[in-house]
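User: I would like to go through the labels given to this model and ask what each one rests on. Please set the values against the cut-offs.

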Amino acid sequence: MPKVAVVGSGLAGFTAYQTLRRALAPGDIAVLGTNADPAAAWRVRAAAIGQREMRSESDGHCLPTSFPGLAISSVRRRRSPRPLLDSVLDRYHPTVDEFLAHVERLRERSGWDESLVLRTVERVRAVDGGFELDGERFTHVLLAPGHPGLHVPDELRNDPRAVHSYEPHDYAATVTVVGAGLAAATEWLNALAAGAEVVSVRRREPTRRPLNVPRQYFSRRGLAGYQCLGPRERVERLRTLTAPSYPAGAEWDEPLEQAAREGRFRVEQSVNGSAQVICATGFRRGFRHDRLLACLVAEHDLETADDWLVLDTDSTVPGLSEATRTLAVAGAPAQWAFPAADTLPGARYAAHGFLRRIETCRTR
């Protein structure tokens with residue numbers, strides 16, 4: 001019977017699983033999730049916005065270590081050293097097709113399907129020496145529940161014109177895009193390319209940066225500075241870091257400037273009479289929107305700060321992780337420990353901390 005469980009079979013759980021496989025066999029790990037394909041949800045969202053390249057750079061992959069990532073396979077396929085050079089300089093962006101092929105290869109060779117148990121986990125309860133997941137006991141548990149659903153502004157929930165950017169859709173002749181992050185910027189270009197007149201509705205001007213959080217927070221020094229912040233300062237920092245952003249560059253600016261000159265793109269403060277409203281508003285945020293985490297917090301009186309579950313620096317849950325058991329969190333709910341937790345490097349970071357705890361556990 002496995003002593004280690006990963007709750008969640010999406011990309012965060014899958015990436016964590018690859019790290020755990022460095023020390024554990026497939027039979028030692030139970031992955032409890034609702035879909036055998038770890039990229040299933042991500043695949044639909046990427047297709048919905050017409051994403052062609054990954055926003056992540058060199059370490060945006062599911063392997064246990066950052067380097068060399070997908071660049072090596074790209075070198076072989078393209079017969080050029082350029083991808084590897086770009087990887088060293090953090091400028092390598094694999095295509096969506098390259099990334100999905102990478103996931104499929106890892107799935108086949110890592111034992112993922114052997115470890116997978118298709119079921120939903122409703123409750124996590126701490127018990128002596130471990131945790132019960134709906135009555136089944138494990139010594140070490142990593143929670144990777146993913147995002148707690150798509151966010152649609154309250155005023156648009158019942159609007160028949162509204163569709164979320166991450167749901168399959170076409171484009172009407174007139175389109176309003178609500179939001180200002182990468183999905184919104186992608187939708188501006190998509191709708192313009194489809195011949196639509198586009199209105200951007202945003203509460204603030206987006207930050208222009210290559211990654212969803214500044215690169216410094218992926219380094220040890222930058223992360224150490226973040227983890228030294230007190231609770232109030234950390235909440236404010238997270239709110240700043242999770243504000244809308246998309247990369248700078250002519251590939252974004254030139255089409256928008258041309259469309260603005262043609263009268264086909266403009267910014268407004270509120271939704272108008274467009275035939276279609278696309279909510280490029282991302283995901284719901286906060287542990288309260290995730291039933292499993294909300295129940296865990298309430299039942300065990302866990303410490304929280306605003307929307308975030310308070311975690312130790314290695315992404316484990318304080319008070320419930322002890323010398324004989326470990327409860328850790330990966331993916332979007334783990335931002336308290338790692339501000340870019342909802343990225344693939346973030347999932348890898350949580351998994352390495354989890355594995356260190358397992359390897360030092362007295363009962364292993």
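User: Why is Glu136 called partly exposed?

Analyst: This is a predicted model. The relative accessible area of Glu136 is 27%. Buried means under 20% and exposed over 50%, so Glu136, at 27%, is partly exposed.

User: What makes the contact of Glu136 and Arg119 a salt bridge?

Analyst: The N to O distance between the two side chains is 2.7 Å. The cut-off is 4 Å between a side-chain nitrogen of Lys or Arg and a carboxyl oxygen of Asp or Glu, and therefore the pair Glu136 and Arg119 qualifies. The pair links distant parts of the chain, with Glu136 in strand β6 and Arg119 in the loop between β3 and β4, 17 residues apart.

User: How do you know that Asp134 forms a salt bridge with Arg119?

Analyst: The closest N and O atoms of Asp134 and Arg119 are 3.7 Å apart, which is within the 4 Å limit, so the pair counts. Here too distant parts of the chain are linked: Asp134 is in the loop between β5 (130-133) and β6 (136-138), and Arg119 is in the loop between β3 (116-118) and β4 (124-127), 15 residues apart.

User: Which accessibility class do Asp134 and Arg119 fall into?

Analyst: Asp134 has a relative accessible area of 37% and is partly exposed. Arg119, with 23% relative accessibility, is also partly exposed, because buried would require a value under 20%.

User: Why are Arg357 and Asp312 said to tie together separate parts of the sequence?

Analyst: Their side chains meet in a salt bridge at 3.8 Å, N to O. Arg357 lies in helix α12 (residues 344-360) and Asp312 in the loop between β16 (308-309) and β17 (326-329), so the bridge joins parts that are 45 residues apart in sequence. Arg357 is partly exposed at 23% relative accessibility, and Asp312 is partly exposed at 31%. The whole structure has 21 salt bridges.

User: What makes Glu257 partly exposed, and where is this residue found?

Analyst: Glu257 has a relative accessibility of 45%, and is therefore partly exposed, since exposed means over 50%. Glu257 is in helix α10 (residues 250-261). On the surface, Glu53, Glu251, Glu254 and Glu257 gather in a patch of negative charge.

User: Why is Pro145 called partly exposed?

Analyst: Pro145 has a relative accessible area of 28%. The class lies between under 20% for buried and over 50% for exposed, so Pro145 belongs to it. Pro145 sits in the loop between β7 (140-143) and β8 (162-164). The C-alpha atoms of Pro145 and Leu256 are separated by 36 Å, the two residues being 111 residues apart along the chain.

User: How do you know that the protein chain is as compact as a globular protein of that length?

Analyst: The chain has 12 helices and 17 strands. Its radius of gyration is 21 Å, close to the 21 Å that the globule rule gives for 364 residues, so the chain is as compact as a globular protein of that length. The C-alpha trace spans about 70 × 50 × 40 Å along its principal axes. Of the 364 residues, 52% count as buried.

How values were computed. Residues are numbered from 1 along each chain as its sequence is written. This is a predicted model: local features need pLDDT of at least 70, side-chain atom pairs count only at pLDDT 80 or more; totals for chains, interfaces and linings use all residues. Side-chain values use heavy atoms; hydrogens and water are left out. Patches are made of residues with over 30% relative accessible area and no salt bridge: like charges are joined within 9 Å, nonpolar side chains (Val, Leu, Ile, Met, Phe, Trp, Tyr) within 5 Å. Accessible areas come from the Shrake-Rupley method with a 1.4 Å probe; for residues, only the protein chains shown count as cover. Lys and Arg count as positive and Asp and Glu as negative; His and the chain ends are not counted. The place of a charge is taken as NZ of Lys, CZ of Arg, CG of Asp or CD of Glu. Helices (H or I, at least four residues) and strands (E, at least two) are DSSP runs, numbered from the N terminus. Buried means under 20% relative accessible area, exposed over 50%, partly exposed in between (1.4 Å probe, protein chains only). The radius of gyration is taken over C-alpha atoms; the globule rule is 2.2 Å times the number of residues to the power 0.38.
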